[in-house]
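Please keep the sequence and the coordinates at hand while reading.

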Amino acid sequence: MRALVVAASVLLSCAPPIRVPDLPATGLTALPGRGVEVCVLMQERLVRSRVEGVAEWSFEPWEYGIASVVVKHPSGLVVIDPAFGRDVALDLVRAPKLFAVIMGPPRTKTPMHEVMSAAGLDPAEVSLALATHVHWDHVGALGDVPNARVLLSRPELEWARGLRRYLDEGVMPHHLARAKDRMASFEFQGPARDGFPSSFDVFGDGALVAVPLPGHTPGSTAFFVKLIDGRTALFTGDASWTSRGIEAPAHKNPLARLDSDVPQTGDALGFLHALSKARPELLIIPAHDAAALERLPACGPTTVTASTR
Ligand SMILES: [Zn+2]
């Protein structure tokens, strides 16, 4: 046990350095058009230790979550990161033992379609699925939104097409196969914004804008969403699992991080740290920080009032 602790400490202290770029503190780029309603479908929520999520020797609590984000756009229902599919228990049984141990038992995980139905949302009505990246816990439910078009960044889709094993680099290719006839890629051909070199405006109205954030995977993508209350959220996927990783900035725990390119992930972390300082009004939401996700409302049945009954 002592050897394990020493090994872990050495690993944590060897985390590669993170370069923080200069980002001028101007106001956040205003997105045109109206904001959209956004809510969160939490599918797993646990309290873990900070050291499990960040390369810091700290046992402070990490509010850990796995969730999908619903965007109620006028042109249809959008899900970012459709997380756990209806076969999540089977996914874990068939995965290598060590992976299943790291991810924890199925009993703490609820498939997305169940959380959606409980919230009064119909998975069949989802018209577009997006993903920050294609790891198993971000696209597991693609098969459960059968009418959704799936849009991925071109480098992410190209990378995913080369993966074959049941669990390959954190991806379960069968999740993507379930949506292969509805899947397309997009290019970041839009203008630079807020320090990102390019962008892709999903609907062309400024409500939902994808920006490249490679490192964790080759085509990792972050999404700006203009909220109905005027704030802007940025969903940053797994560049960091936690807000703490961006605040420090610090890499993820090296024993579990699964970054395709560690130095590039460091650049992403340094950039997000600089962005959080230069644009403090921006709501930056890492994919596995439940406390950050809970700054947005949970999806739930709309309250029926006397006037709408
Ligand atoms: Zn993840």
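Is Ala160 buried or exposed? The model is a predicted one, in which local features need pLDDT of at least 70, side-chain atom pairs count only at pLDDT 80 or more, and totals for chains, interfaces and linings use all residues. Residues are numbered from 1 along each chain as its sequence is written, and side-chain values use heavy atoms, with hydrogens and water left out.

Ala160 has a relative accessible area of 7% and is therefore buried (under 20% relative accessible area, with exposed over 50% and partly exposed in between, for a 1.4 Å probe and protein chains only). This residue belongs to helix 7, residues 154-161; helices (H or I, at least four residues) and strands (E, at least two) are DSSP runs numbered from the N terminus. Leaving aside residues up to four places away in sequence, Ala160 touches Val134 and Leu176, contact being heavy atoms within 4.5 Å. Pro218 is 58 residues apart from Ala160 along the chain, and their C-alpha atoms are separated by 9.4 Å.

The zinc ion is coordinated by Asp137 (OD), His138 (NE2), Asp238 (OD) and His288 (NE2), at 2.1 to 2.3 Å. Donors are N, O and S atoms within 2.8 Å of the metal (3.2 Å for Na, K and Ca); water is not among the atoms, so sites may look incomplete. Along the sequence, the spacing of the donor residues reads D-H-x99-D-x49-H. Both Asp137 and His138 are buried.

The largest cavity holds about 100 Å³, a volume being the space filled by probe spheres set on grid points joined across faces, edges and corners. Its lining has 13 residues, with Val69, Asp81, Phe235, Ala287 and Leu293 nearest the centre. Strand 2 (residues 61-73) gives the largest share of that lining, 3 residues.

The second largest pocket contains about 280 Å³ of space. Of its 14 lining residues, Ser243, Ile246, Ser276, Ile284 and Arg295 are the closest to its centre.

Conventions: 1 Å grid on protein atoms, 1.4 Å probe; cavity = no way out; pocket = protein on both sides within 12 Å on 5 of 7 lines; lining within 4 Å.
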